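Biologist: Please take a close look at one loop and its backbone. Then set that part in the context of the whole model.

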Amino acid sequence: MNTYSVVPKSSDSVRIGVGAGFAGDRLQPAELLANHGNLDALVFECLAERTIALAQQNKANGRSQGFDQKLIERLRGTLPGLLAGGGLAVTNGGAANPVGAALAVAAATRDLTKRPIAVAAVTGDDVLAELDIDASVVLETGESLAKYRDRIVSANAYLGASGVIEAAATGADVIITGRTSDAALFSGALSAKLGWSIEDRANQATGILVGHLLECAGQLTGGYFADGVNKNVPKLWDLGFPMADVSASGNVTLHKLLGSGGLLNRQTVLEQLLYEVENPHRYITPDLTVDFANVAITDHGSDSVAVSGATFVSVPATLKVSVGIRDGYAATGSIVYGGSRSMERATIAANIVRDRWVAVYGRPSEDVDCHFVGINSTFPWATEIPDSAPEVMLKFSLRTFEERVAIEFCREIEALYTNGPAGGGGANASYTETIGILSTLIPRDAVEQKVQVFK
Amino acid sequence: MKLFDLAHCRAGDKGDTSILAVVPYRDSDYPRLVTALDVESVSQHFGARPEDVSIVLSPKLHAITISLRNQLGGGVTRSLRVDPHGKSLSSVLLEVEMPFSDFQQVLS
């Protein structure tokens, strides 16, 4: 058995950890942090851009309650350890239904502690009713959002830290939001614990730096990093999630549990600092735009790194809104060929489906997308295909707005078993209804946040 | 020599844009990487249109941020790619041949 411990916390600082970096993240590293980390706050980032649109649609269809039930498991596993030390849990796992999630969490955690656990829901991100569709422009394309009016299923604004701060002020033990910016979950928790005002731009910039570095959990501590040659990560199987010790004046030290696997050094911090940031000089969040380009990273060794120097640039006048639209169906399927002449046989199979798409169904062959996995599936622009390969997986895909077309496509792929070239195995195909995401902006004052507390 | 030997890279995505952050292992290699990784060489390597490539430099971090627009088959919600996020594009970028003949020359 591994043993875990943590460095002592200085009396003037607050310790914040991250328990999930995406909806599918592991449960156990958060439990280790809650039990051994001596944390003041633990944040679970569980809401990708399209997850909320899917959740909205499932809620509307009555297929789900509009949030991921795994949230209850995450909190049940961590709250006993976290609350014993007076820690606060914050998550955006409320997805399309923060109030429903808060009620469910309150009900599911009653047996955990003697006193009732207070669960706050932060709402206001659902702006479908407030959004002026005719006046809104799609940021990706410059089109009017009105073009997509009939397909819109959801519109959620990215909220800043103020809802989390307000919820923490009620004395809540758990704060559940919907679409709140990932970094603001952390800067909000830090502000609540350190008494930073939302107007305190210098400290809010530091809070956003901490949030940005922690929000992908294991990606700061050696996940998404090892390359097998130049970059080696010890004990990656036991990747420890990161924590930050933050002082009221904004000093930040990043670390992880002693005894856990992974790696925290200048390189891992720098990769995560730059992750998904198009312009490091202007990192835009709902609360403020921050300059990361002059951040100083000081590697103390032993998986301890200090960061400083994120600076305030401006306060954005608008908030970003993720608009979910119905986007038809995506169908995918595959079949595998092995041994000599596998490429030749895979090519015959690809041509069969394309030819039948034209001759039998009267549809364009360009609808049918084919990749050879192991050959050109991650380099789709590389046209050079070798004459032979020891084995190949032929992957088909197609998009359509008609469910019937998706069904027919799947049937054609499966039919390759008996109607295609020799030795094709593992044929399978399936389709799903898909949600697209468009972005637009909404004036800050059109969004009204609300905090409700449940016990 | 490949970029792989000189630098590390992390791929991220925003919609249909792939964001590749490149950092040399040694700070002293930064100026050479900046020269070698220009819009022309990057667009050629990815088969992308030059107007879809932009590069932001962060000299104090010794970092190069490359954005490739319209490169992910529509972005993660629409893409039919095997790798819809373009996570593998960091490894693809590190395959770029560097116009340096050997390590000695780089070290000089």
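Modeller: A:Glu276 lies in the loop between α8 (266–274) and β9 (283–284) of chain A; helices (H or I, at least four residues) and strands (E, at least two) are DSSP runs, numbered from the N terminus. Although A:Glu276 is not a glycine, its phi is positive, at about 60 degrees. This is a predicted model, in which local features need pLDDT of at least 70 and side-chain atom pairs count only at pLDDT 80 or more, while totals for chains, interfaces and linings use all residues. Residues are numbered from 1 along each chain as its sequence is written, chains are lettered from A and ligands numbered from 1 in the order in which they are written, and side-chain values use heavy atoms, with hydrogens and water left out.

A positive phi, about 50 degrees, is also found at A:Ser302, again not a glycine. A:Ser302 sits in the loop between β11 (296–301) and β12 (304–308) of chain A.

From the loops I turn to the charged pairs. A salt bridge is a side-chain nitrogen of Lys or Arg within 4 Å of a carboxyl oxygen of Asp or Glu, and the structure holds 22 of them over all chains. In one of these, A:Asp245 pairs with A:Arg15, with the closest N and O atoms 2.7 Å apart. This pair links distant parts of the chain, since A:Asp245 belongs to strand β7 (residues 242–247) and A:Arg15 to strand β1 (residues 13–20) of chain A, 230 residues apart.

Between chain B and chain A the count is 2 salt bridges. B:Arg10 and A:Glu271 meet through their side chains in a salt bridge at 2.8 Å, N to O. The contact (heavy atoms within 4.5 Å) takes 44 residues from chain A and 38 residues from chain B. Buried area is the accessible area (1.4 Å probe) that two parts lose on being put together, summed over both; for chain B and chain A it is about 3600 Å², with 56% from carbon and sulfur atoms. B:Arg10, B:Leu61 and B:Leu80 supply 24% of the area that chain B buries against chain A, more than any other three residues.

Within chain A, an automatic or database domain assignment gives domain 1 (13–132 + 155–316) and domain 2 (324–438). The centres of these two domains of chain A, taken over C-alpha atoms, are separated by 39 Å. In their contact, 6 residues of domain 1 meet 5 residues of domain 2. Domain 1 and domain 2 of chain A bury about 480 Å² between them, 64% of it on carbon and sulfur atoms. A:Glu49, A:Ala53 and A:Gln57 supply 63% of the area that domain 1 of chain A buries against domain 2 of chain A, more than any other three residues. Across this interface the rule finds 0 salt bridges.
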